[in-house]
Amino acid sequence: MSDVSLVSHFDALLADLDGVVYAGPDAIPGAVESLKKLSGLGIGLGYVTNNASRSPAEVAAHLRDLGAPAADNQVVSSSQAAAELLASMLAPGSKVLITGSPALAREIELAGLVPVGGQDEDPVAVVQGFSPAIGWKDLAEATYVVNAGAFWVATNTDMSIPQARGIAPGNGTLVAAVAAATGQQPRVAGKPEAPLFHSAAKRLGAERPLVVGDRLDTDILGGNNAGFATVAVLTGVDTRETILAARAAERPRYIIEDLEGLHRPYPEVTHDDGTYTCGQSTARLANGAVGIIGSQDDLNSWRAACAAWWAGTPDAATPQAPKLVWLDH
């Protein structure tokens, strides 16, 4: 096992926010302290968020209120990505229906486009991003405009969002309502598309960034799509079980409990004749089941199990959960 911390192998950390740094308004325990340590190690820090309900400046202010290091330009949002995508496809001054927050409207405006609120203003495009204030009338208006032939962009399609009281519906559920009503699908600007991650790395001048997130379908898939190393953290949506069952494209390189794990050595997974070892735990795939010698409470057991299962299912196109057989030491 290397005695060097996991994050020290990289020149920047690209961190998701909801479920990684905070849940609702409050910081996840240990997260702020872990982020503060990065500057002393000479490691860059960027925040990559799919939540388009607030502007990057508002997000940065929230982070600073929590004690985390955050300049406005360290936050890269899916609303910025959506505005850039629309600006690349529409003439300057084109009208765009905003199905989302005032922060999303501001990004559209900054991109040289004109945000509008209804079909009667003749928009040529619709941009849809998360806002807790969105109601049926907003979704209906988007449906009318999409059905009339407008170009449709979604900032992101996260089906859920971590809040202080638990997991709540995300932008993907609202996008799905419009998709169901129109029979169409939007272009997605944010995660899991690669440009958002490339933009964040470019801002930091990073060549070897590490992407950390709590969601396989956005953070990990997006980081993998960008060609970056990925680490799944267990403080948000995905769990040990869902990570083990992940399809090939959504498998992280590393798994840690929380951001404090970035500053610890990462245990090496070794294999010998089909047996995978991590720490004191071992795992082996046989007859479609993974046999694990180790404690269910020990993350090393799950790391070994992932290595064994993923080696046996390298091209899994859909999530597949193996049968687990837990054996005593």
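Because the model is predicted, local features are reported only where pLDDT is at least 70 and side-chain atom pairs only at pLDDT 80 or more, while totals for chains, interfaces and linings use all residues. Residues are numbered from 1 along each chain as its sequence is written, and side-chain values use heavy atoms, with hydrogens and water left out.

The description begins with strand β13, which spans residues 209-213; helices (H or I, at least four residues) and strands (E, at least two) are DSSP runs, numbered from the N terminus. Of the 5 residues in β13, 5 are buried, so the strand is largely enclosed by the rest of the structure; here buried means under 20% relative accessible area, exposed means over 50%, and partly exposed lies in between, as computed with a 1.4 Å probe on protein chains only. The burial extends to both faces, with P209, V211 and G213 on one side and L210 and V212 on the other. Strand β13 pairs in the parallel sense with β1 (residues 12-15) over 4 bridges, where two strands are said to pair if DSSP finds at least two bridges between them. Within this pairing, A15 has V212 as its bridge partner. Strand β13 is also joined by 4 bridges to strand β14 (residues 229-233), and these two strands run parallel, with V212 standing opposite V231. Together with helix α8 (residues 216-225), strands β13 and β14 make a right-handed β-α-β unit; right-handed means that, with the strands pointing away from the viewer, the path from the first strand over the helix to the second runs clockwise.

In soluble globular proteins, nonpolar side chains tend to be buried together. A nonpolar core is defined here as a set of buried Ala, Val, Leu, Ile, Met, Phe, Trp, Tyr and Cys residues joined through side-chain atoms within 4.5 Å. The largest such core has 55 residues, and Y47 and L63 have the most contacts inside it. Helix α10 (residues 299-312) supplies the largest share of this core, namely 9 residues. A second, separate core holds 29 residues, among them A82, L85, L86 and I98. When residues up to four places away in sequence are not counted, the contacts of Y47 (heavy atoms within 4.5 Å) include A15, L17, L35, L63 and V76.

Side chains of opposite charge can pair when their charged atoms come close. With a salt bridge taken as a side-chain nitrogen of Lys or Arg within 4 Å of a carboxyl oxygen of Asp or Glu, the count comes to 9 salt bridges. In one of them, the closest N and O atoms of K191 and D16 are 2.7 Å apart. This pair links distant parts of the chain, since K191 lies in the loop between β12 (187-188) and α7 (195-204) and D16 in the loop between β1 and β2 (22-23), 175 residues apart. Both K191 and D16 are buried. Another salt bridge joins R215 and D158, with closest N and O atoms 3.7 Å apart; R215 is in the loop between β13 and α8, and D158 is in the loop between β9 (151-154) and β10 (160-163), 57 residues away. R215 also forms a salt bridge with D217, at 3.1 Å between the closest N and O atoms. R215 is buried, with a relative accessible area of 5%, whereas D217 is partly exposed, at 29%. Salt bridges that share partners also join D16, K191 and D219 into one network.By contrast, E107 in helix α4 (residues 102-110) is buried yet has no salt bridge, the nearest side chain of opposite charge being R106, 6.5 Å away; in this count Lys and Arg are positive and Asp and Glu negative, with His and the chain ends not counted.

Most residues other than glycine have a negative phi, and most peptide bonds are trans. A cis peptide bond, with omega about 10 degrees, joins K191 and P192. D122, in the loop between β7 (114-116) and β8 (125-128), has a positive phi of about 60 degrees although it is not a glycine, and N287 likewise has a positive phi, near 55 degrees.
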